[in-house]
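Hi there,

Here is the structure I promised to pass on to you. Have a look at it first, and then read on for what I found.

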Amino acid sequence: MRTIFIFVLLIISNLLFASDSGPILARVKLLKDPARMTSNWLLAEMEKAKVRRLSEYEKLKTPDQIACWQKDRKEFFLRQLGPLWEKTPLNARITGTLNKSKYRIEKIVFESLPNFYITATVFLPPVDKYPQPRPAVLHVCGHSENGKASERYQRIAILGAMNGLIVLSMDPIEQGERIQHRDQGKPYQSSSRRHDLLGPDCILVGRNAATYFIWDMMRALDYLQSRPDVDPNRLGVLGNSGGGTQSSYIMALDDRIQAAAPCCYNCSLYGQLIRTLGPQDMEQCIFGQAEFGMDHPDYSIMRCPKPTLLCCATQDYFPIEDTWNTFRQAKRIYTRLHMSNRMELAEMEGPHGYHPELREAGISWMLRWLDHRDIAVHDDPGISILSNEEIRSLPEPGIASLPHARRTHDFNRDLARQHERTRRDQWKKITDQKAADLVRRTAGIRAIFDLPVPVCHSVPGSSTEFVLETDKGIFLPIRFNRIPVRGEEIQLCVSDSGTLSVRSNDPVIEQNCKCVAVVNVRACGETKPVKIKYHYDEAVFGPEGYEYSLAFLLGKSMIGMRAEDLIESARFLKLKYPGSKISLYARENMRITALHAAIAEQKLFDSVVMEDPESIEKYRDYVEKSPAPVPIVNLIHGVLKYYDTDDLLRFIQK
């Protein structure tokens, strides 16, 4: 009889939940495109941040104000990169040389960190024509499978050497001889996809993929300054595309860079790029920079008045209008400091790429400011290019052939384990208030009284369905299995499918037919993103990468925003049904969100139940298994310094 009773209850509850199978938001017509609800809200937040930054930028009138702006952004930038390292011996060695008629090369290997190897080529001018010491230029490569061996990157290095510059061209991480991610011996997907795989464990320990790129460049400058043939006071940097990103970063942060010429990158975080292609590789997104107000113009402004040339292409997917706006903002600051001739722009008709004219412009700029020669240079298409084998610093497969070679993930694991040791005792004796404060601060969850009071929209023809409008443009559907009676316990259920989930009926049976309210938090269920283009591999990171990236730039976490959705929903239930107790029941991916909400507002939830709690993934396991598929939506910047998911689970179970 009990089995029959349960079976009947299951049928009834399914009928109750499926009385109108259509999505709630589609029926109330509050949103034109629910799949874009979260991204549209985040883009509106980006627009607010843009307005705030421009307002502050327009106040920069005096040298002291400009100096303060530069200092604030440099300090912020370094802070967001996370902990750097002590400088260790470079252990540089030459692995081969080649002599050409108009230049020569040295193939080198050095260590930016112990056993973290950089493969590079030094292009050298003829000694008889250009007496030493010479000015030197760090050339950082954009995305290419063969890194420094790419023809376009060899050509600019050769052009520089033929005209009297020492050019150090190095393989970026995951390119050329420095590929870390391999699948059955072959490189995993493209270089940009491999760059994305650098990101998750960096985020969890409070670093950024850019942290490693920047450190490599700083150590490359150390190497150049150690060479007797280099004038240590005459250093420059240039690079295209991903190399444009890298050169923009290092020119802003390292005062040793006297002349800079980033190409095909500078546009704007607040412009068209994020609305078309979305935020780019993980090293191109610095946590919270949009909210703080550090935009692309600031990479030039931070180094003002040192000479800077922005190179660009008219039909680039980095929008040319935004590049010109970036240039204008920087140029105005240079002009205010009476150094307008030190900020220039070179534009070439054509698509994204290191066009010959842009290579020529970059080398001419270096010669003007590093060697006091204001001359035109000409790219020679007849110059022969070295083969991949000729330019290699190491045998196949590059750094993977070296004993004890380390990867970015190894250093992140070291830091994650260090954090685990230091936080272990903290959570054994943490108080309720300190736990709530720590979780709120880390995940970016506002206290309940700082949240806007939601507006409740009823659903025509239904007494068991509602929509909460918690902010302008944010709508959270809620579906009851039945109307609760006064003082009854209400089980607030959250899952990946939200109000579209049939499985949400299970707790009705499992928990003795409690009154169940299923909530649809943002970017899942009825508002799950679909067919929204974004840069990260959906098969690896999940479908919410675009929303996650926008939130990341704004200094937010998806976990934090979704936890606020749960808190708002629970508060609504408390107010609408006075005297009711609220129990939180979480499934699937939403269990991590529910843990955060339950600790951030402990008095709001009378009980918390996690489905299969032992299977909740630990953040440190993401780092230990890296590189591996990761639900990026769950990542919180720097979280492992403060807690892991099992810390939160033990806390609510105590």
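Nine strands make up an open sheet with mixed pairing, in the order β1-β2-β3-β5-β4-β8-β9-β10-β11. (Strands are DSSP runs of E with at least two residues, helices are runs of H or I with at least four, and both are numbered from the N terminus; two strands pair if DSSP finds at least two bridges between them.) At the edges are β1 (93–99) and β11 (343–348), each pairing on one side only. On average, neighbouring strands here are turned by 20° against each other, direction ignored.

A word on the source: this is a predicted model, in which local features need pLDDT of at least 70 and side-chain atom pairs count only at pLDDT 80 or more, while totals for chains, interfaces and linings use all residues. Residues are numbered from 1 along each chain as its sequence is written, and side-chain values use heavy atoms, with hydrogens and water left out.

Within that sheet, β2 (residues 104–113) and β3 (residues 116–124) run antiparallel and are joined by nine bridges. V109 stands opposite T119 in β3. Helix α7 (residues 209–226) lies across β2, β3, β4 (134–140), β5 (166–170), β8 (230–240) and β9 (257–263), at about 125° to β2. (Angles run from 0 to 180 degrees between N-to-C directions, and axes are lines fitted to C-alpha atoms, for helices over the stretch in contact; contact means heavy atoms within 4.5 Å.)

There is also an open sheet of seven strands, ordered β12-β13-β14-β16-β15-β17-β18, again with mixed pairing. Its edge strands are β12 (455–458) and β18 (607–610), and the twist averages 25° from one strand to the next. Five bridges join β15 (residues 490–494) to β16 (residues 515–519), and these two run parallel; the partner of I490 in β16 is C515.

Two helices lie across strands of this sheet: α20 runs at about 125° to β13, and α21 runs at about 150° to β17. The axes of α20 (residues 558–576) and α21 (residues 590–600) come within 8 Å and cross at roughly 65°. Residues meeting there include I559 and L566 in α20, and M590 and H596 in α21.

Finally, where is H637 placed? H637 is in the loop between α22 (619–625) and α23 (645–653). H637 counts as buried because its relative accessibility is 16% (buried means under 20% relative accessible area, exposed over 50%, partly exposed in between, with a 1.4 Å probe and protein chains only). Leaving aside neighbours within four places in sequence, the contacts of H637 include Q80, R207 and F552.

Best wishes
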